[in-house]
Amino acid sequence: MRKNFHIKKLYAYLLKTYIPLFLMTFAICLFLVLMQFLWKYVEDMVGKGLGLNVLGEMFLYAALQLIPMALPLSILLASLMMFGNLGENLELLAIKSAGISLIKAMVPLIVLIVLISIGTFFFQNNAMPKIQPKFYSLLISIRQKSPELDIPEGVFYKEIEGYNLYVDKKNRNTGMLYGVSIYDVSSGFQNMAVIICDSAEMRMSEDKLSLVFTMHSGQQFANFTQGTENMKLSTEFIPFSRESFVTKTMTIPYDDNFNRMEESVLQESSSSNYVSKNIAQLRVSIDSMEQFIDSVNISDRKIMKQYTYLSFRNSYPQEAKDSLIEAGIALPRPDMDSIFAAKEIQQQASILQSAFTKAENNGNDYLFRSMSKTTTQRNINRQWIEWHTKFTVSFACLIFFFIGAPLGSIVRKGGLGTPIVISVILFIIYYILNNVGYKMARDGVWDHWIGMWFSSMILLPLGIFLTYKAMTDSVIMSTDTYVGFFRKLFFIREKRNYTIKDVVIEEPDYAEILKLTDKLTSEVSAHLQQYARIGYKTYWTDTGYDQQLTSVKTKMEHILNRLSNSRKPAIIEKAKEYPVLINYVRPFKAGTTPARLFMYVFPVGGILKLLALPFEKRINRDLREILKLNTELTRILNGRQNKIAV
């Protein structure tokens with residue numbers, strides 16, 4: 001009862017720690033993806049005079065639409081930070097010391113993440129079909145909105161369709177324009193009109209559908225080319241009219257209103273209605289389009305069979321058609337090349353031209369039919385992508401928790417520094433994999449389920465691996481582990497580090513060490529004599545090699561450990577020169593059943609034996625070095641013994 005009480009307090013503590021972190025990281029991640037959205041669409045919104053209500057609505061829909069992207073990243077970052085803090089503050093060590101495993105401590109958080117994943121699924125299935133049409137319809141409306149009219153000085157302004165405006169100077173306070181030139185090409189270049197005036201006033205009409213220019217002291221030039229579009233401009237004179245005016249008013253069509261597109265336009269479009277459908281509606285839509293493609297394929301096969309290759313059979317009488325076809329099949333096949341060669345040149349050309357025309361017509365017909373099927377198949381792919389997305393985001397939340405929590409407990413670094421770096425790297429990998437799968441599924445290169453679950457299939461084993469390593473207190477993130485691995489991989493020698501100790505509890509017995517050194521020399525010599533060269537059969541079957549090598553390593557380390565207590569610099573330096581023996585590399589222990597099986601599979605066994613040659617040569621070289629060092633060590637120890645005897 002008392003243990004359960006402690007566990008309940010632990011669960012409450014973990015939830016109180018995780019939930020505020022999750023809410024904070026979710027807000028940060030949502031803000032970041034919203035800024036990415038703003039960076040992507042800033043050109044479509046800037047300079048169009050949009051009201052704060054329109055911009056606020058746009059950002060609201062964008063934030064809701066980006067929740068599925070921010071949620072997995074926030075779960076990953078919160079899990080990393082929380083378990084990193086627990087590991088850094090030794091709280092995780094205290095939990096494990098109390099007999100509570102990591103997976104048991106994660107139970108309340110697993111339940112919380114499962115609930116968040118379920119909520120994400122319902123959000124994707126029920127809320128997103130309502131949010132996405134509003135978001136995309138508003139985005140398209142903003143893109144189609146005309147830019148806010150702000151004619152610059154000394155530059156031709158081309159934002160008004162059919163007109164080019166040039167203003168020399170303008171008064172910011174009164175809005176008066178000076179040195180104005182207007183090039184009207186709305187009726188075509190040959191009917192162009194040019195207006196030049198000293199000053200002009202510009203205002204918007206009350207319905208915001210046109211610009212009204214009131215021009216002062218100017219002239220207008222216009223071509224007299226109505227009805228003469230084919231006139232050769234390079235050789236004939238083009239007449240024009242010239243008009244001088246003191247004040248002239250001109251109206252230019254310019255729609256400055258914000259015309260919002262109806263959501264029904266997206267919902268009724270066959271190429272974009274997938275954004276407004278839930279799972280059931282998507283399934284119905286997919287089934288109907290697949291039935292349409294099947295029916296078109298059946299129709300195409302019938303048409304190809306009836307009209308493309310055997311069209312001459314259509315001239316047979318209906319009542320005798322089957323009997324004629326059977327009789328034609330029974331007859332010997334004529335030599336078409338000889339029949340064609342017997343024709344005259346004109347007839348051959350006519351036959352070839354007729355065949356070419358028929359083939360071209362059939363090709364165009366089936367190209368048109370294939371375009372319809374290709375468009376429908378692309379729509380089916382988009383519908384399947386939307387269907388799978390409603391599940392993959394929820395599953396990604398679970399995967400990122402089982403990556404973040406174990407990784408945080410392994411790294412044991414809290415705060416915002418290391419967790420943010422790891423989270424960004426992992427999320428970039430997820431984002432790239434997800435985009436690759438999405439594009440492959442959209443283009444029909446991969447099946448839709450492979451493309452949409454591609455990122456999950458890659459990251460799920462990583463989550464399982466990290467969870468297992470965290471439960472077994474792995475040193476996967478220890479730099480010493482990787483340094484040792486690369487040392488063995490590239491045969492980088494380890495160096496012994498012995499120093500003269502200030503306090504020695506037990507002085508080494510040099511007489512006994514001399515005896516042990518002699519035994520080690522004898523054993524190393526016997527090993528080299530027996531295993532100087534290891535044959536193919538010996539490599540797979542002889543168990544004595546590993547046993548003798550282990551014995552040599554044990555005795556050498558025992559001697560060196562005793563010599564490390566010496567106060568003599570010469571002895572310490574000599575002990576530091578001894579090599580660190582490596583293990584002989586085999587995929588299986590010698591003499592076992594798998595080893596014997598590989599021995600009989602000669603090509604594979606021979607390759608593995610060749611790969612072990614560098615290890616064999618290094619071990620033999622180190623053993624010879626041990627013999628040499630034993631001789632030098634014996635000389636040093638004998639000299640010391642002689643001094644003591646004197």
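Close-up 1. Let's start with Arg 562, which is buried at a relative accessible area of 18%; buried means under 20% relative accessible area, exposed over 50%, and partly exposed in between (1.4 Å probe, protein chains only). This is a predicted model, where local features need pLDDT of at least 70 and side-chain atom pairs count only at pLDDT 80 or more, while totals for chains, interfaces and linings use all residues. Residues are numbered from 1 along each chain as its sequence is written, and side-chain values use heavy atoms, with hydrogens and water left out. The side chain of Arg 562 meets that of Glu 512 in a salt bridge, 3.1 Å from N to O. Glu 512 sits in helix H16 (residues 510–530) and Arg 562 in helix H18 (residues 544–563), so this pair ties together parts that are 50 residues apart in sequence. Helices here are DSSP runs (H or I, at least four residues), numbered from the N terminus. Glu 512 itself is partly exposed, at 35%.

**Close-up 2. A network around Arg 442.** Here you can find Arg 378, Arg 442 and Asp 443 linked in a network of salt bridges. A salt bridge is a side-chain nitrogen of Lys or Arg within 4 Å of a carboxyl oxygen of Asp or Glu. Between Arg 442 and Asp 443, the closest N and O atoms are 3.2 Å apart. Arg 442 is partly exposed at 23% relative accessibility, and Asp 443 is partly exposed too, at 41%.

**Close-up 3. Glu 243 with Lys 248.** These two side chains form a salt bridge, with 3.9 Å from N to O. Glu 243 is partly exposed, its relative accessible area being 34%. By the salt-bridge rule, the count comes to 14.

Technical notes. Helix = DSSP H or I, 4+ residues; strand = E, 2+ residues; numbered from the N terminus.
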